[in-house]
Amino acid sequence: MAALLAVAFLGAAFTACSPAQAMEDTAAPSATASAPQAQSTEDAEEVDPEDKASHVHTYFLIGMDRKPSCGQSGSYVSLCMSCGELRYEVVPALQHRYALISETEARCETEGEQVYQCTLCGESYTVYTQALEHDYQQTDTWAADCVSDGGTTYTCTLCGGTYTETVSALGHDYEKTASVAATCESAGSVTYTCARCGKTYTETVSALGHDWKAATTSAPKTCRRCGAESGSPLASNPDGVTAEDIIATAMEYLGVPYVWGGTTPSGFDCSGFVQYVFNLHGITLPRTSKEQYCVGTAVSRSELEPGDLVFFETGSNGVSHLGIYIGDDQFINATQSRGIAISYLSNSYWDSRYYGARRIL
């Protein structure tokens, strides 16, 4: 008996039992079957070789042929103590034993993760949880005004993220609140005030200028608008004042600052300066540039002489600026940037705005 067991353990060849019995006796156990119980070799009954074909196998468990793993079955091997027949019994595959090994919570716009790993084989898988949606709440707001944008800020109670909705500035709502009518010789104005914030601005309305009726050299001109008379179609020159006298006087005021409506050496505008210079020599001229363009005689640009008045259209309402021609393409005038200064007729600004000339002397 001992010799027979030793041979079986070493894998020696045995005489097989009958095929029918071998098939019947080696049927695989159920998936839930437990490992076969080893039988004592002392209980085994020796079989006469002649009876091997019909005897009942007496199996003895000798070991595990293949260990079961996750997803793969194993098997036990048993030995018949009488005839040496080997029997293999299937051991069901193991089931994964997953355990949670790491977890990340879902956040706003970011998925959460749960990682599971099998404690038997190390295989793992991940379960994803849906990202959260922001829970925005209003946290700050400010109103738009005429010049500044308004807005509302929202903050997420979950992650602290913010965004701001902007409301565009409203813009001023200006209404006309005051006005001064322009006259032939005086500028007018219109004042506007914002109904929301009270800010104001004023637009200047240029003096209208006299609308002279036709006149002869022996009769004064009369303004259709205000009824004023020009006094004479030509300025009088009782003392024989020369162009040199006018130019010399004008040059004394170089650098005097420009003042809108100014008529004195503390500040001049263009027509106030010309009127003041001529008046010092006893020659009376009207107050505005439009009115001064109506006195004297017309002179072409090519026939200009020192002492002539040169006129310009700097806006869109006819004559609006003048100076005294001093010769060599130059004239002296009241400029807003330099005060009383000398300018050139050929300068692109003045050249493009030249309107005409009048000779007073």
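Which side chain does Arg359 meet in a salt bridge? The partner of Arg359 is Glu305, with an N to O distance of 4.0 Å. A salt bridge here is a side-chain nitrogen of Lys or Arg within 4 Å of a carboxyl oxygen of Asp or Glu, and by this rule the count comes to five.

A word on the ground rules: this is a predicted model, in which local features need pLDDT of at least 70, side-chain atom pairs count only at pLDDT 80 or more, and totals for chains, interfaces and linings use all residues. Residues are numbered from 1 along each chain as its sequence is written, and side-chain values use heavy atoms, leaving out hydrogens and water.

| Salt bridge | N to O distance |
|---|---|
| Arg87 and Glu89 | 3.6 Å |
| Asp351 and Arg301 | 2.9 Å |
| Arg359 and Glu305 | 4.0 Å |

Asp351 lies in helix 6 (residues 348-353) and Arg301 in the loop between strand 15 (297-299) and strand 16 (309-312), so this pair ties together parts that are 50 residues apart in sequence. Helices (H or I, at least four residues) and strands (E, at least two) are DSSP runs, numbered from the N terminus.

Salt bridges that share partners join Glu305, Asp308 and Arg359 into one network.

As for exposure, buried means under 20% relative accessible area, exposed over 50%, and partly exposed in between (1.4 Å probe, protein chains only). Arg87 is buried at 18%, and Glu89 is buried at 11%. Asp351 is partly exposed at 38%, as is Arg301 at 33%.
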